[in-house]
Amino acid sequence: MATAAPTPTTKQPDLSLLKGHIPLIGLTGGIGSGKTAVSDLLAKLGAGIIDTDLIAHQITAPYGSAISPIEKQFGPDFIAADGALNRDKMRSLVFAKPEARKSLEAITHPLIRQETVRQAAHLSKQGAPYLVFVVPLLIESGFWMELIDRLVLVDCPKETQIQRVMQRSNLPREEVERILAAQASREERLKHADVVIENQASLKDLEVEMQNLHQKILQFQKD
Ligand code: ATP
C-alpha cells in the first residue's frame, strides 16, 4: 500500500527555542541611522549578525525564493528582466495600496522568518557569544519586541539621516522624508531602547563605541 506523502507543514520555525540559551539582541534605528555600520563592526568583534533587510533582498534577488510566488500573485510585470523583483514598481504599488503591501508581506515574511531562524541556529552552533537581529521596523513589530532580550537603538538627528540617505541612495529629499514618515518616530524608539548608540560622530568614534557595546553585551550574558 502506498503511504501518503507527508503533508507540507505550515508551522513557522521557532526562534524562541534559542531564548535563554544565547543573548538575543535587537538592533534597530531609522533609515540611514547607521544599523549596517554598527552591525559590521559588531560582526568583526565576533557577534552573530542576522540582517533581515539583507535577507529580504536575497529572497527577492534573481532566483530568490520569493520571486515565483510574487509573480503568481502580482503578475510578470513585477519581475524585472534579470529575474529580480521590480522594486520601483512594487514600491509604488504598496505605497498606493495597503492591501497590496499585506499580500506582499504574506509572501515575504514567512520566507524571511525561515531564513532568519536558519542563520540564527547556524551562528549559535558555531559558537557566537550572542545574536544580533538587525530589524529596521523592530519597534513596530510585536513579534520582535517579545522575542529579544535587549534592544539596541542606533540614533542620530533626523537631518543627518536625510543627508546620509540622499547621498548613499541618490534619492530626492521628499522621497527620504516620505520613508521617514512611515517609520516609528525617534521619540518612540528612544522610549523602548535599552542601549542608545549616538551615531553622529565619525566612523572611527563609532568603532570605539562598538568595542564598549560588545563588552557590555558580553556582560549581559553573565548578569
Ligand atoms: P538603512 O536603514 O537605509 O539600511 P542603515 O541604518 O543601515 O540604513 P547605514 O547604511 O549603516 O545605515 O548608514 C547610512 C550611510 O551613512 C552609509 O553610507 C554609511 O556609510 C554612512 N554612515 C553611517 N554612520 C556614519 C558615521 N558615523 N559617519 C559618517 N557616515 C556614516
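This is a predicted model: local features need pLDDT of at least 70, side-chain atom pairs count only at pLDDT 80 or more; totals for chains, interfaces and linings use all residues.
Which residues are buried in α7?

In α7, the buried residues are Gln161, Ile162 and Val165, where buried stands for under 20% relative accessible area. Looking down the axis of α7, we find its buried residues within an arc of 95°, and so they line one face of the helix. Part of what covers these buried residues is α8, residues 173-182. As for its dimensions, α7 covers residues 158-169, twelve residues, and its first and last C-alpha are 16 Å apart, close to the 16 Å expected at 1.5 Å a residue. After α7 comes Asn170, which has a positive phi, near 55°.

Let me turn now to the sheet, which is open and is formed by five strands with parallel pairing, in the order β2-β3-β1-β4-β5. The edges are taken by β2, residues 48-51, and β5, residues 195-198, each of which has a single partner strand, so that one side of each is left without a neighbour in the sheet. From one strand to the next, the twist averages 20°.

Within this sheet, strand β1, residues 24-28, runs parallel to strand β3, residues 131-134, and four bridges join the two; in this pairing, Ile25 stands opposite Val132 in β3.

Finally, the helices on the sheet: α2, residues 52-59, lies across β2 and β3 and runs at about 50° to β2, while α5, residues 98-125, packs on the sheet and touches β2 and β3, with a direction that makes about 175° with that of β2.

Definitions and conventions:
Residues are numbered from 1 along each chain as its sequence is written. Side-chain values use heavy atoms; hydrogens and water are left out. Two strands pair if DSSP finds at least two bridges between them. Axes are lines fitted to C-alpha atoms, for helices over the stretch in contact, and angles run from 0 to 180 degrees between N-to-C directions. Contact means heavy atoms within 4.5 Å. The expected span of a helix is 1.5 Å times one less than its number of residues. Buried means under 20% relative accessible area, exposed over 50%, partly exposed in between (1.4 Å probe, protein chains only). The arc is that of the directions from the helix axis to the C-beta atoms.
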